[in-house]
Amino acid sequence: MTESIRLAKRVAELRACSRSEAERIIVGGWVRVDGVLIEEPQFRVSDQQIEIDPQANPAQAEPVTLLLHKPAGIAATSGKDQPAAAQLLEIANFWSEDASGMQPLKIHFCQLTACAPLDVEASGLLVFTQDWRIARKLTEDAATVEHEWVVEVAGDLAACQTPEGVKRLNRGVPFNGRTPTSLKVSWQNETRMRIALKGAQIGQIAQLCEAFGLQVLTMKRIRLGGVSMGKVPVGEWRYMRTNERF
């Protein structure tokens with residue numbers, strides 16, 4: 001039998017490139033061993049068939065952004081630790097109808113930053129990104145990004161559904177010393193509201209409802225800026241497409 005060697009060494013020989021370049025090609029998802037995608041440079045090979053995609057690009061992989069439909073009851077952030085919701089970011093939970101054309105790779109789950117956190121009780125769109133530009137947009141420029149919610153409520157419904165009640169809802173209430181300047185509230189049906197608010201903060205939607213005698217039963221964030229969660233099922237995730245912008 002032929003003595004086994006690291007896949008990175010074999011790829012470097014076949015590609016006539018450096019070992020570090022070969023490692024980037026492998027983790028980038030460009031190499032198959034006997035027809036099976038292998039992403040580990042240390043994988044041992046002997047006389048197997050090695051296929052390197054002709055379009056393989058050893059340059060640094062483009063950063064990705066993952067959009068998770070967070071279930072209610074799961075923490076989005078947990079102090080300095082990795083957010084609990086990040087545990088759902090695995091290939092098994094990749095949405096089968098993702099239209100990005102991306103193939104999930106292990107490198108896509110590394111060095112992710114959670115942005116625009118959600119209340120523990122809330123479900124909906126949660127963003128994890130490797131792209132510093134997106135992270136900055138959703139943190140430093142957070143006040144300019146509109147959040148859209150679907151909120152199911154109980155309580156003093158009749159008073160809040162009159163034309164005057166809707167006007168009062170749209171005027172909002174102070175939160176952390178500031179009254180929202182871009183609040184849009186409408187009723188979808190007898191118990192469900194649609195709320196759009198720029199720079200929404202943890203607890204702000206619940207406080208708004210409580211101020212008008214409404215009790216939040218469920219709330220789901222369905223959009224951040226120009227990026228919608230779409231039809232992604234609860235607990236699954238998709239890639240942010242190149243034509244989407246926050």
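Guide: Happy to! Keep in mind that this model is predicted. Let's begin with the residues around the second largest cavity: Pro-117, Leu-118, Asp-119, His-147, Trp-149, Ala-200, Gln-201, Ile-202 and Arg-221 form its lining.

Visitor: How is such a space found in general?

Guide: Rolling a probe the size of a water molecule over the atoms shows where empty space is left. Here, the second largest cavity holds about 40 Å³ of space.

Visitor: What classes of residue make up the lining of the second largest cavity?

Guide: Five are nonpolar, two are polar and two are charged.

Visitor: How many cavities of 30 Å³ or more does the structure hold?

Guide: There are two of them. The largest cavity has a volume of about 60 Å³. Among the residues lining it are Val-173, Phe-175, Leu-197 and Gln-204. Its lining divides into eight nonpolar residues, two polar and no charged.

Visitor: Which helix gives the largest share of that lining?

Guide: Helix 6, residues 204–211, contributes four residues, the largest share.

Visitor: Now for a single residue. Is Thr-65 buried or exposed?

Guide: A residue is called buried when its relative accessible area is under 20%. Thr-65 has 5% relative accessibility, so Thr-65 counts as buried. You will find Thr-65 in strand 6, which covers residues 65–70.

Visitor: Which residue's side chain is joined to that of Thr-65 by a polar contact?

Guide: The partner is Thr-129, and the polar contact between the two side chains is 2.7 Å. Leaving aside neighbours within four places in sequence, Thr-65 is also in contact with residues including Val-127, Phe-128, Ile-134 and Tyr-239.

Technical notes: Residues numbered from 1 in each chain as written. Predicted model: local features only at pLDDT ≥ 70, side-chain atom pairs only at ≥ 80, totals over all residues. Heavy atoms only, no water. 1 Å grid on protein atoms, 1.4 Å probe; cavity = no way out; pocket = protein on both sides within 12 Å on 5 of 7 lines; lining within 4 Å. Points joined across faces, edges and corners; volume = space filled by probe spheres on them. Helix = DSSP H or I, 4+ residues; strand = E, 2+ residues; numbered from the N terminus. Nonpolar A, V, L, I, M, F, W, Y, C, P; charged D, E, K, R; others polar. Buried < 20%, exposed > 50% of the residue type's maximum accessible area, 1.4 Å probe, protein only. Polar contact = N/O pair within 3.5 Å; in protein donor to acceptor, adjacent residues only side chain to side chain. Contact = heavy atoms within 4.5 Å.
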